[in-house]
Amino acid sequence: MPGLIVHPTGLQLVQKHFMCCGAKGVMHDTATDRTAFCSLNKRMALVATLSRQAYTRGGTESDLLAESAATPITPEITKRLSDIANNKAKQGLAISAGEPGKNLRVAYAVALAAVWRFDIRAVVVELGQQSSLESFVLSLNPGNERQPELVIVAGIGRLWETQRLEQLDIVIGAAHRGRLPLFSCLEPFEVTAEPEVTAGFKRSVVKNRIKQLRGKHPFSFLSAGVRKQLASVCLGVDDTTLVKKAPTKENRPLSPEA
C-alpha cells in the first residue's frame, strides 16, 4: 500500500509519497495553465468502500482492513492484477490462503492491492456470510454505475455444507455471466489426524464422512459445468489430480443438519 497507511480508526495518506499532486489528486501546470486530475481520489473512495464492507460484516472488525493492509501478497498475484488492469488477462487466480481467519485477511489484501495500486474496482464475497453474497448480487444491477470489475471469494472450503456450496455456485455463475476475473481463496483441505470416533454408530458414520470430505479439493465438490465456468474466470482451476465422480450416497455434499 505505497503512500497509504491503514489504521483501525481510518486512512492516512503519506504526503511525501505524492510529489506530483501533494496528495490532492489534482495538478496544475502554470506554464500551460492546464489542470490535470489523477485517480487518487477515486482509489481512496474504493479503499473506503472496502473499509465499510469489512466493518459491516459484524461491526467488530475495525482492525480487519489494517491487518489486511499489512498482509503481504505474492509477486504472482501482483503480476496477475497488473495484467487484468492492462487488459492482458481475463482470469483471476486460485490461491492457497490459509485457515478462515487468515483466509479473509488475504482476500482483503488482494482487494486492497487491486483498488489502490491498479484502480480495479474489487469486491470481497465471504462464503458463509449471506449478507456478503446479497450485497455482491445487488451490485451487479445493470443500472449500477459502480459495478465490480473483480471478485475475490474468501473462505472456499467446507463445501460439504450445502449452503456454502450453493453460495459459491451463485458467485461463479454471476462472475461468468459478467466476465469478471475471480480470485479463489482456498482454505486448507489436507486430512488432519483425529482420534477414532466411538460415540455411537450413527455419529461415527457422520464423523467419518466429514473427515473424508475434508481431504478433498474444494473444487471437486463443484459440478463439471460450474467448474468449466470457474475455469473461464479463474486460472488454476484445471487440476489434473482431481478425480471426477458422480454424486452418490457416499460422496454427495453433507448438509449441516445431517
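The mean pLDDT of the protein chain in this predicted model is 80, and 73% of the residues reach 70 or more. Among the elements of the chain, strand β8 has the highest mean pLDDT, at 96, whereas helix α7, spanning residues 201–214, has the lowest, at 64. Over residues 240–258 the pLDDT stays under 50; for this stretch the model has 27 contacts beyond four places in sequence. Where pLDDT is low, predicted coordinates should not be read in detail.

An open sheet is formed by five strands, arranged in the order β6-β7-β8-β5-β9 with parallel pairing.

Helix α5, comprising residues 130–139, lies across β6 and β7, and runs at about 145° to β6.

Residue Q167 belongs to helix α6. With a relative accessible area of 3%, Q167 is buried, because the limit for that class is under 20%. A polar atom of the Q167 side chain lies 2.7 Å from the backbone nitrogen of G128. Leaving aside residues up to four places away in sequence, Q167 touches L127, G128, Q129, Q130 and L133.

Helix α8 covers residues 224–233, and its buried residues are V226, R227, L230, A231 and V233. These residues are on the same side of α8 because they cover an arc of only 165° around the axis. The face turned away from the buried side carries the exposed residues A224 and K228. The packing partners of the buried residues of α8 are two helical and strand neighbours of the sheet region already named, α6 (162–178) and β8 (182–186), together with β5 (92–96) and β9 (234–235).

The loop between α7 and α8 contains S223. S223 is partly exposed, at 40% relative accessibility. The C-alpha atom of S223 is separated by 9.2 Å from that of D169, although the two residues are 54 residues apart along the chain.

Most residues other than glycine have a negative phi. R158, which is not a glycine, has a positive phi of about 55°. R158 is located in the loop between β7 (150–156) and α6, and is partly exposed, with a relative accessible area of 30%. The phi of R179 is likewise positive, near 55°, again in a residue other than glycine. R179 lies in the loop between α6 and β8.

Conventions
Residues are numbered from 1 along each chain as its sequence is written. Side-chain values use heavy atoms; hydrogens and water are left out. Buried means under 20% relative accessible area, exposed over 50%, partly exposed in between (1.4 Å probe, protein chains only). Helices (H or I, at least four residues) and strands (E, at least two) are DSSP runs, numbered from the N terminus. The arc is that of the directions from the helix axis to the C-beta atoms. Contact means heavy atoms within 4.5 Å. pLDDT is the predictor's confidence in each residue, from 0 to 100. Two strands pair if DSSP finds at least two bridges between them. Axes are lines fitted to C-alpha atoms, for helices over the stretch in contact, and angles run from 0 to 180 degrees between N-to-C directions. A polar contact is a pair of N or O atoms within 3.5 Å; within protein, one must be able to donate a hydrogen and the other to accept it, and residues adjacent in sequence count only if both atoms are side-chain atoms.
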